Amino acid sequence: MHPTTVTRVLIAGAALTALAGCGIGSSHKDETRPSRSAVAPTQQQRTVRTLPGMPPVLDPKDLYAADRPDRLSEVVKDFPSRVYVPNTNSNTVSVIDPGTYKVIETIRVGRQPQHVVPSWDLKTLWVNNDLGNSLTPIDPRTGKAGDPVDVHDPYNLYFTPNGKYAVVMASKDRRLVFRDAHTMKVAKSLPVDCSGVNHADFSIDGRYFIVSCEFSGELLKVDTEKMEVIGRQKLPLRGAMPQDVKISPDGRTFYIADMEADGLWILDGDRFGEPSFLRTGKGAHGLYVSRDSREMYISNRGEGTVSVFDFATRRLVKKWRLPQGGSPDMGGVSADGTVLWLSGRYNSEVYAIDTRTGRQLARIKVGSGPHGLAVYPQPGRYSLGHTGVLR
């Protein structure tokens, strides 16, 4: 960062810390304050008026309460445990058996597959063939691929919390395309004007979601029901490149990885004011919540590390380094919570990391350009998309 930019970010961060209780760096005393999940129960018992049709929030203090280790729904409990790896340059999906750390199958798909995305009802895995302008369905019960469905520019895919619409992140088209979650028929194509829409996450009530725009360094706030942009801001860093977006367990804070800023933007989604910043490591990219909702794993693609963020203290508490380096990118956590799986974007490999020790358990060769891998099945009642954002 330029010195003036750093000063401006830190001043903004200090203001947000004072208002929202978010720390932005290890030198700020406010980071030692407990998170809002630790305040008195009387302050936590709030009624969540959810998006119509959305399943009820199980625990307002923990959005991920349904994601506990091995708590598989009836829909997926008999699915074989697999890791599905889209190889963007090879136009394939490598299927890994996590029990043996071996590739057991390679599935040919469309051009430039970017992510493997669980459907809202958990029954289908959708491979996003970005340049192939299609989605390839995979039946996770059998592991077999079906006929591709025509969908233009599907860089990434999300689902509204009520299961009504799929939301296609049409990056090159500069659009959010709302489609029927089952037929993929277009309901509304929303121009967003920012460059590189790619990742998102939804508010506690599902009524809005925050979207990152990678190439223009912007964030959008979108009304889910109206399917309209209701907020837009430029991140306070020249050349910012926001990536993955994740909401805190208490539903009050959004975290946005930025691989140019080398850390996290910390945002109050309701107010949508200027965010504060926390440095994590070079090329911060993917964000994954632990099965006990206590920590978040941050893949730092540019330095071959994973930072561990503690939600209660709002501090970085560990950093794990991959032996021989690597390029940890996107992935997910095993159903039992003991293994973090990440693709090695520039190394044609996948990493399995022990979440208790940070030790690398395996480094598995796959196709070229592995990206948004999905660990499946996972605990949870329904999927919001990406590589498995379940609630």
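Let's start in a loop: glutamine 324 sits between strands β24 (315-321) and β25 (328-333). Helices here are DSSP runs of H or I with at least four residues, strands are DSSP runs of E with at least two, and numbering goes from the N terminus. The model is predicted, so local features need pLDDT of at least 70 and side-chain atom pairs count only at pLDDT 80 or more, while totals for chains, interfaces and linings use all residues. Residues are numbered from 1 along each chain as its sequence is written, and side-chain values use heavy atoms, with hydrogens and water left out.

**Backbone points to look at**

- Glutamine 324 has a phi near 65°, a positive value in a residue other than glycine.
- With a relative accessibility of 72%, glutamine 324 counts as exposed; buried means under 20% relative accessible area, exposed over 50%, and partly exposed in between, using a 1.4 Å probe and protein chains only.
- Asparagine 133 also has a positive phi, near 50°, and is likewise not a glycine.
- You will find asparagine 133 in the loop between β5 (125-129) and β6 (134-139), where its relative accessibility of 28% makes it partly exposed.
- The peptide bond that leads from tyrosine 376 to proline 377 is cis, with omega near 0°, and proline 377 belongs to the segment after β29 (374-376).
- As background, most residues other than glycine have a negative phi, and most peptide bonds are trans.

**An open antiparallel sheet**

- Four strands make up an open sheet, in the order β13-β14-β15-β16, with antiparallel pairing; two strands pair if DSSP finds at least two bridges between them.
- At the edges are β13 (197-202) and β16 (228-234), each of which pairs on one side only.
- On average, neighbouring strands of this sheet are turned by 25° against each other, direction ignored; axes are lines fitted to C-alpha atoms, for helices over the stretch in contact, and angles run from 0 to 180 degrees between N-to-C directions.
- Six antiparallel bridges link β15 (residues 218-223) with β16.
- Opposite glutamate 218 stands lysine 234, in β16.

**Serine 299 and its surroundings**

- Serine 299 is part of strand β22 (residues 295-300) and, at 1% relative accessibility, counts as buried.
- Its side chain reaches two backbone atoms: the nitrogen of glycine 286 at 2.9 Å and the oxygen of aspartate 329 at 2.7 Å.
- These are polar contacts, meaning a pair of N or O atoms within 3.5 Å; within protein, one must be able to donate a hydrogen and the other to accept it, and residues adjacent in sequence count only if both atoms are side-chain atoms.
- Residues up to four places away in sequence aside, serine 299 touches several residues, including Gly283, Thr305, Val306, Pro328 and Leu342; contact means heavy atoms within 4.5 Å.

- Leucine 58, in the loop between α2 (41-44) and β1 (82-87), is exposed with a relative accessible area of 52%.
- Leucine 58 and arginine 391 are 333 residues apart along the chain, and their C-alpha atoms are separated by 9.1 Å.
- Neighbours within four places in sequence set aside, leucine 58 is in contact with Ala65, Ala66 and Arg381.
- Phenylalanine 311, in the loop between β23 (305-310) and β24, is buried, with a relative accessible area of 8%.
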